[in-house]
Amino acid sequence: MKLYICEESSDITVPFQETLTGYSQIRLLECKLYNSWYNITGANNEIAFTIGKKASVKKLEPGNYNVETLSQAIGRTSKINFKRVLPTGKTQMVLDDDVKVNFTRKKNFAKLLGFEEQEYDKSDFSPYKANFLPVTEYVVHCDIIDTPTNYINGKRSNYLQVLTLQDREEIGRASCRERV
């Protein structure tokens, strides 16, 4: 049985200890999928800002961040704070009076927070939902499924389960249970 993760080059194989014989059906009772992919990498790890007349660029370590941990990593010394806005899933950027944030640099993380790539000179709310989850779909593929008799969306398939994440700003664990 294999778990394929879309939009990532991951192929996780889960071998059975014994060969399954004498079964005509298999079903997925539960799967737990944990989000551990980096959403901050070398491609989007910088925030440029100005405090008064002093321009600075803060580089973040690659890792998996949410709004709170991203705000902590930037640090209060930058006078920039990000907050998650529930239930909209958007982000609030809180800036001190003398602070500007420049999201036009090449390696910025504006889209992660739901902001446009532009310069901000006052506190604001993101126009879009924050998207901290780089993976949007999990596919559980089982190579022992009888493809001619198993259908998903009217097509023959050896997928055991397809989990599409609707709430993309959710961080942590995604779970799916057996489809009824």
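In this predicted model, Phe82 is in contact, leaving aside its neighbours within four places in sequence, with Ile47, Val67, Ser71, Ile74, Thr91, Gln92, Met93, Phe103, Leu113 and Phe115. Phe82 also belongs to the largest nonpolar core, which holds 23 residues, and it is listed together with Ile47, Leu70, Ile80, Phe103 and Phe109 among the residues that touch the most other members. Two or more residues are given to this core by each of strand S4, helix H1 (67-74), strand S6 (80-85), strand S7 (90-95), strand S8 (99-102) and helix H2 (110-113).

Within helix H1, the residues Val67, Leu70, Ser71 and Ile74 are buried, and because they cover an arc of only 100° around the axis, they are found on the same side of H1. The buried residues of H1 pack against the strands S4, S5, S6 and S7 and against helix H2. At the N-terminal end, H1 is capped by Asn66, a side-chain oxygen of which lies 3.0 Å from the backbone nitrogen of Glu68, whereas the residue that follows H1 is Gly75, with a positive phi near 90°.

Strand S4 is also part of an open sheet of four strands, in which the order is S5-S4-S8-S9 and the pairing is antiparallel. Strands S5 (54-59) and S9 (119-120) stand at the edges of the sheet and have a single partner strand each, so that one side of each is left without a neighbour in the sheet. Between S4 (residues 46-51) and S5, the antiparallel pairing extends over six bridges, and Ala55 in S5 is the bridge partner of Thr50.

Technical notes:
Residues are numbered from 1 along each chain as its sequence is written. This is a predicted model: local features need pLDDT of at least 70, side-chain atom pairs count only at pLDDT 80 or more; totals for chains, interfaces and linings use all residues. Side-chain values use heavy atoms; hydrogens and water are left out. Two strands pair if DSSP finds at least two bridges between them. A nonpolar core is a set of buried Ala, Val, Leu, Ile, Met, Phe, Trp, Tyr and Cys residues joined through side-chain atoms within 4.5 Å. Buried means under 20% relative accessible area, exposed over 50%, partly exposed in between (1.4 Å probe, protein chains only). Contact means heavy atoms within 4.5 Å. The arc is that of the directions from the helix axis to the C-beta atoms. A polar contact is a pair of N or O atoms within 3.5 Å; within protein, one must be able to donate a hydrogen and the other to accept it, and residues adjacent in sequence count only if both atoms are side-chain atoms.
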